[in-house]
Amino acid sequence: MNGLNVGGRIFADDPGSLVVVVESMTAIPAQIGADLYLVRHEDFDKRAVLDCPCGCKRRIDLNLVRTQK
Ligand SMILES: [Zn+2]
């Protein structure tokens, strides 16, 4: 299973949604819909951006960059 599980929903395995890899935040459209956008720069996944799967229309912007504390 290669699907990305977000909120119990398997995005990559859901035929109604798609993981789209982009190079910058500016490439992400205002309306994401069921898709999930992965911002990848130089082979590093920086952020995952999606519209909340619960239907509240909030945008979820996950920072995937590990930072040292
Ligand atoms: Zn929600």
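Strands are DSSP runs of E of at least two residues, numbered from the N terminus. In this predicted model, the chain contains six strands and zero helices. From the N terminus on, the order of elements is β-β-β-β-β-β. Of the 69 residues in the chain, 9% are buried. Among contacts between residues at least 6 apart in sequence, 10% connect residues at least 24 apart.

Strand β4, residues 36-41, takes part in two pairings described here. With strand β3 (residues 19-22), the pairing is parallel and comprises four bridges. Within this pair, Tyr37 of β4 stands opposite Val20. With strand β5 (residues 44-51), β4 runs antiparallel, and six bridges join the two. One of the residue pairs concerned is His41 and Phe44, the latter in β5.

The β4 and β5 strands form a hairpin with two residues between them. Glu42 lies in this loop and has a positive phi of about 50°, although Glu42 is not a glycine. Around Glu42, 6 other C-beta atoms lie within 10 Å. A residue is exposed if that number is 12 or fewer, so Glu42 is exposed.

A positive phi also occurs at Lys57, another residue other than glycine, where the value is near 70°. Lys57 is located in the loop between β5 and β6, the latter spanning 59-63. Lys57 counts as exposed because 9 C-beta neighbours are found inside 10 Å.

Note on methods. Residues are numbered from 1 along each chain as its sequence is written. This is a predicted model: local features need pLDDT of at least 70, side-chain atom pairs count only at pLDDT 80 or more; totals for chains, interfaces and linings use all residues. A residue is buried if 20 or more other C-beta atoms lie within 10 Å of its own, exposed if 12 or fewer, and partly exposed in between; C-beta atoms are placed from the backbone. Two residues are in contact if their C-beta atoms, placed from the backbone, lie within 7 Å. Two strands pair if DSSP finds at least two bridges between them.
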